Amino acid sequence: MPGIVIVGVQWGDEGKGKATDLLGGKTDWVVKFNGGNNAGHTVVIGDEKYALHLLPSGILSEGVTPVIGNGVVVDLEVLFAELEALHARGVDTSRLRISANAHIITQYHRTLDRVTERFLGKRQIGTTGRGIGPSYADKINRVGIRVQDLFDENILRQKVEGALETKNHLLVKVFNRRAITVEEVVDDLLSYADRLRPMVTDTGLLLNDALDRGEIVVFEGGQATMLDVDHGTYPFVTSSSATAGGAATGSGVGPNRLDRIVGIVKAYTTRVGSGPFPTELFGEQGEWLRSRGFEFGTTTGRPRRVGWYDAPVTRYATRINGLTDLVLTKLDILTGLEQIPVCVAYDVDGERYDEVPVNQSDFHHAKPILEYFPGWSEDISGARTFEELPQAAQDYVLALEKLSGSRISVIGVGAGRDAVIVRHPLVD
Ligand code: GDP
Ligand code: IMO
Ligand code: MG
């Protein structure tokens with residue numbers, strides 16, 4: 001049972017970092033398979049708080065080999081800054097391995113991300129501005145720069161030249177920006193090459209060999225199902241495959257090696273950036289939930305949009321990912337509510353939809369049909385077994401389980417590493 005995938009169920013920030021870290025002690029490998037430094041995964045260990053962006057959360061566990069898979073886009077400046085910051089805090093980062101096939105985020109990707117967003121005005125996606133979309137666009141367009149290109153200066157120069165030819169037209173003529181020279185990009189990238197070289201390898205081979213030996217590999221997803229480029233609320237999505245299928249293509253293992261697919265879901269919902277969000281709360285209720293849940297972006301510091309739990313979204317994620325387990329996080333945040341609303345279906349212009357509507361415009365118009373569950377007032381942050389939870393909290397969890405289509409195996413009751421209730425272990 002060695003391949004375990006962790007994916008976000010909603011719009012990100014569900015607590016995937018913590019869930020990955022939770023498995024750290026029992027895991028041999030943690031591979032990040034999609035996204036880049038648009039992610040922000042917070043892990044709290046004792047009094048120490050770590051915010052990881054590009055690096056897999058497994059880097060914090062001794063004995064785990066962290067891997068950046070081929071499906072990731074790598075900003076080298078961020079990579080080395082993050083490595084240095086962890087090193088300074090005493091974390092051993094020497095085991096990190098990076099796929100030779102991963103794509104690079106360059107200066108022109110970051111610039112294009114920001115100017116495109118500004119150009120879109122009201123229609124903007126609300127990206128993290130990290131160059132994620134433009135880098136993946138180049139990959140699909142077959143004009144991307146890969147990690148291995150840094151070790152062949154000639155090839156690198158040719159590829160950068162090719163990529164900049166059209167981009168400089170865009171930058172200068174459409175966006176009114178200065179042209180970017182081949183030299184500045186190549187020099188910047190080459191300045192990292194020597195430090196990068198020892199980490200770069202055929203990570204697909206490493207991971208397949210590890211699985212053959214029966215070692216445990218965690219595939220750590222960035223972003224989430226509703227931000228997936230195929231299955232999310234397109235175009236208000238990220239540009240990668242954040243769902244379970246992406247774990248195979250983004251790491252170089254076959255889908256039959258993914259034994260357990262774990263969806264991380266918050267006991268309510270948040271979203272950063274634009275796009276539909278049927279259960280969104282405004283006004284006082286929204287302020288209350290945002291401040292109580294500390295819902296401010298790990299990457300951009302933006303206040304997160306907040307809303308109630310959306311059961312059709314979790315059912316959708318269960319189908320799309322083939323979830324075997326759910327980790328329900330932040331249950332402790334709901335303490336003190338007299339009643340807890342849960343969205344069980346949608347009303348779209350007078351018609352009831354039990355599932356996420358396939359038509360995006362319908363989802364934009366969807367109003368939540370809410371059911372109300374009794375709340376609890378007891379502090380639950382010290383509970384370590386299901387039975388220690390107040391009856392109303394147990395009932396809330398069981399109701400969500402019934403509505404969501406997969407079993408809730410772990411419940412988060414606080415930010416700390418040990419603040420969990422394990423009903424069914426994720427690793428046998
Ligand atoms: P990720 O992007 O999915 O890894 O999630 P983030 O790290 O961006 O956001 C989740 C936040 O919730 C982090 O600050 C975590 O420390 C925190 N967190 C995770 N699980 C729990 C929980 O069960 N209770 C509480 N109170 N906080 C949690
Ligand atoms: P983690 O892994 C929440 C959102 C952005 C924007 C959209 C596209 O921490 O859950 P991008 O920069 O990726 O092109 O932005 O996706 N987004 C996230 N929202 N959590 C994340 O990561 C996100 N990564 C991207 O806010 O709406
Ligand atoms: Mg996050």
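Student: Which helix and which strands each supply at least two residues of the lining of the second largest pocket?
Tutor: This is a predicted model, in which local features need pLDDT of at least 70 and side-chain atom pairs count only at pLDDT 80 or more, while totals for chains, interfaces and linings use all residues. Residues are numbered from 1 along each chain as its sequence is written, chains are lettered from A and ligands numbered from 1 in the order in which they are written, and side-chain values use heavy atoms, with hydrogens and water left out. A pocket is an open set of points on a 1 Å grid over the protein atoms alone, where a 1.4 Å probe fits and protein lies on both sides within 12 Å along at least five of seven lines, and its lining residues have an atom within 4 Å of a point. With helices (H or I, at least four residues) and strands (E, at least two) taken as DSSP runs numbered from the N terminus, the elements asked for are helix H1 (16-23), strand S3 (41-45) and strand S4 (48-52).

Student: Which element gives the largest share of the lining of the second largest pocket?
Tutor: The second largest pocket is lined by 28 residues, and those nearest its centre are Thr42, Val44, Gly293, Lys330 and Ala415. The largest share of this lining amounts to four residues, and the element that provides them is S3.

Student: How many of the eight residues of H1 are buried?
Tutor: Buried means under 20% relative accessible area, exposed over 50% and partly exposed in between (1.4 Å probe, protein chains only). The buried residues of H1 are Lys16, Gly17, Lys18, Ala19, Thr20, Asp21 and Leu23. Helix H1 is therefore largely enclosed by the rest of the structure, the number of its eight residues that are buried being seven.

Student: How far apart in space are leucine 23 and isoleucine 4, C-alpha to C-alpha?
Tutor: Leucine 23 belongs to helix H1, and its relative accessibility of 4% makes it buried. In sequence, leucine 23 and isoleucine 4 are 19 residues apart, whereas in space their C-alpha atoms are separated by 9.7 Å.

Student: How far apart in space are leucine 337 and histidine 364, C-alpha to C-alpha?
Tutor: Leucine 337 is placed in the loop between strand S15 (325-329) and strand S16 (339-348), where a relative accessibility of 16% counts as buried. Leucine 337 and histidine 364 are 27 residues apart in sequence, and the C-alpha to C-alpha distance in space is 28 Å.

Student: How many residues apart in sequence are the parts that phenylalanine 80 and tyrosine 192 tie together?
Tutor: Rings of Phe, Tyr and Trp (its six-membered ring) pair if their centres lie within 6.5 Å, and planes under 30 degrees apart count as stacked, over 60 as edge-to-face and the rest as tilted. Among the six aromatic pairs of the structure, phenylalanine 80 and tyrosine 192 form a stacked one, at 5.6 Å centre to centre and 0 degrees between the planes. Since phenylalanine 80 lies in helix H2 (residues 76-88) and tyrosine 192 in helix H6 (residues 182-196), the pair ties together parts whose separation in sequence is 112 residues.

Student: Is the pair of phenylalanine 373 and tyrosine 396 stacked or edge-to-face?
Tutor: Phenylalanine 373 is in strand S18 (residues 367-374) and tyrosine 396 in helix H12 (residues 391-404), so that the pair links distant parts of the chain, 23 residues apart. Both of these residues are buried, and ring pairs join Phe373 and Tyr396 with Trp376 in a cluster. Because the ring centres of phenylalanine 373 and tyrosine 396 are 6.4 Å apart and the planes stand at 75 degrees, the pair is edge-to-face.

Student: Is arginine 142 buried or exposed?
Tutor: Arginine 142, found in the loop between H4 and helix H5 (153-174), has a positive phi of about 65 degrees although it is not a glycine. Its relative accessible area is 76%, so arginine 142 is exposed.

Student: Is asparagine 176 buried or exposed?
Tutor: Asparagine 176 is located in the loop between H5 and H6, and its phi is positive, near 60 degrees, in a residue other than glycine. With a relative accessibility of 68%, asparagine 176 counts as exposed.
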